[in-house]
Amino acid sequence: MRKKRWILWTIVCLLGLWALAGCKKESGQEQPGVQQEEQKDTGKKENKNKKTHKFVPEDYAPGTGGMMVTDNGFYYYSCGTDLGYHYCDRTTKRPMYLCNKPECRHDGNEFCVATNARYYYLDECIYSEKLFLYALEVTETQYLFKLLAAELDGSAMNEVATITTLEKTEGNISIDNCGMIIHRNTAMLEVHMEDSDMEDVRYYGVAVLNLNTGEVSWLDEDPLGGDNVEVSRFRGYGDWIYYCRKEGKKKLLHRYHITEKTDEVCKLLTGFAGYYEVKDADTVLYLRSGMSELCSYRYSTGENVEETRIMTVNRYYYTLDGISGVTEDYVEATDILDFQTDGEYFYFPELVRWLGSTDEEGNQYSRLDKAYVHVFNKELEEIAVVDLALEFPIPGFEETEWTKRPFTIDLHYCGEEIFWTLSPQENMAEEYIFCCKRSDFLAGTPEFTFVYRQE
Ligand SMILES: [Zn+2]
């Protein structure tokens with residue numbers, strides 16, 4: 001859901017808001033992606049080579065989308081008035097364009113990594129200490145899907161490979177979800193183009209790019225055929241890239257072996273809700289729809305185990321007659337927004353919408369909009385339920401200003417900190433970024449500090 005919005009806004013931004021993009025940030029002598037100490041002492045090179053996500057195993061690649069966090073700071077694409085890629089240092093918490101060209105106006109010029117107007121950006125990830133950007137370039141006659149790589153300090157950007165070139169034909173097109181993952185020097189990228197009435201898929205394919213050789217192959221028997229089924233939720237672990245694919249009404253979990261180029265379907269229990277995480281080389285965890293059952297599957301034995309269910313939480317409610325109270329309710333799989341891991345713990349963000357419901361006595365009521373995160377350890381015990389409505393309003397905001405209901409809950413795990421980006425339902429283009437200590441989050445009582453607001 002989030003990614004679709006991202007792409008839509010990216011294109012809208014690129015088409016309509018260039019004139020507003022000249023707003024320049026005070027950047028002083030700072031450079032994106034370089035810690036203050038390192039700028040003073042260039043001998044401290046080892047700092048720059050630290051792992052991007054400390055708690056995530058060396059050989060695990062999380063999915064993409066939204067903000068990217070490194071040990072030094074975070075990177076994101078802003079669709080607001082400061083259109084373009086941004087970097088925000090973790091210490092100074094001051095955002096700046098991801099560009100170190102002196103006197104740059106960040107106006108879409110070809111030397112500006114942050115705002116280069118030649119490309120529509122489709123997806124991005126940080127891999128091997130570079131920001132990889134999946135981009136579409138549109139020429140007079142062609143659509144070119146390309147993979148680019150930018151330096152984390154914004155000093156340079158180059159084209160890594162052209163995934164495919166499509167000739168322009170009659171009619172308007174739109175670009176829908178085009179996700180990617182990079183794992184063990186292999187990129188898997190969706191190429192997705194629709195007629196702009198959004199009813200016909202014109203081209204769909206999943207490309208596999210070998211970053212060592214530049215060779216492109218396709219997962220689909222009929223590469224780029226309009227009937228190919230979309231894939232989603234890429235993850236990398238060991239020699240494999242995992243992904244979901246729909247077959248009729250069912251969702252299936254696949255994995256692709258990077259060196260052998262083979263693909264296998266995992267025989268999960270019925271009702272796979274489409275959310276999974278890789279626990280180790282032999283085990284995936286996945287969620288079944290209905291009562292949010294957390295199950296495991298072992299590749300070596302083919303065994304499925306119904307491990308546990310996501311626990312009930314107290315729900316605040318008020319009835320149509322104006323009576324309020326607390327009730328217990330099962331977590332419904334439709335309320336679960338994501339399934340993530342930091343390598344040690346598993347996280348299930350849950351968003352309860354305004355829903356009409358009936359309690360045991362037959363009272364009709366509407367549940368309040370609430371956002372929780374259920375945290376499980378590796379033994380699959382639920383160790384915390386974090387209520388994300390803590391400590392609002394935010395310092396520095398008028399109390400009346402913080403009536404915003406979250407539309408998405410994107411959590412980003414980095415070392416001892418967890419970042420949370422929130423888009424309110426009222427204005428999905430805005431993002432608020434908060435930060436808390438990981439240890440407080442695991443104890444169920446995070447104290448979020450406001451980092452900044454991206455308009
Ligand atoms: Zn620039």
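Two strands are taken to pair if DSSP finds at least two bridges between them, and the strands themselves, like the helices, are DSSP runs numbered from the N terminus, with at least two residues (E) for a strand and at least four (H or I) for a helix. The structure described here is a predicted model, for which local features need pLDDT of at least 70 and side-chain atom pairs count only at pLDDT 80 or more, while totals for chains, interfaces and linings use all residues. Residues are numbered from 1 along each chain as its sequence is written.

In these terms, the protein contains 34 strands and 3 helices. Of its 455 residues, 36% are buried, a residue being called buried if 20 or more other C-beta atoms, placed from the backbone, lie within 10 Å of its own, exposed if there are 12 or fewer, and partly exposed in between. Two residues are in contact if their C-beta atoms, likewise placed from the backbone, lie within 7 Å; among the contacts in the protein with a separation of 6 or more, 45% join residues 24 or more positions apart.

With strand β6 (residues 119-127), β7 pairs over 8 bridges, and C125 stands opposite F132 in β7. The two strands form a hairpin with 2 residues between them, and S128 in the turn has a positive phi of about 50°. With strand β8 (residues 142-151), β7 pairs in the antiparallel sense over 9 bridges, V138 having Y143 in β8 as its bridge partner. A hairpin is formed by β7 and β8 as well, with 3 residues between the strands.

An open sheet is formed by 4 strands in the order β2-β3-β4-β5, with antiparallel pairing. Its edge strands, each pairing on one side only, are β2 (68-69) and β5 (95-97). Strand β4 (residues 84-89) is joined to β5 by 3 bridges, and the bridge partner of H86 in β5 is Y97.

When residues up to four places away in sequence are not counted, L189 touches Y134, I163, M180, A207 and L209. In soluble globular proteins, nonpolar side chains tend to be buried together.
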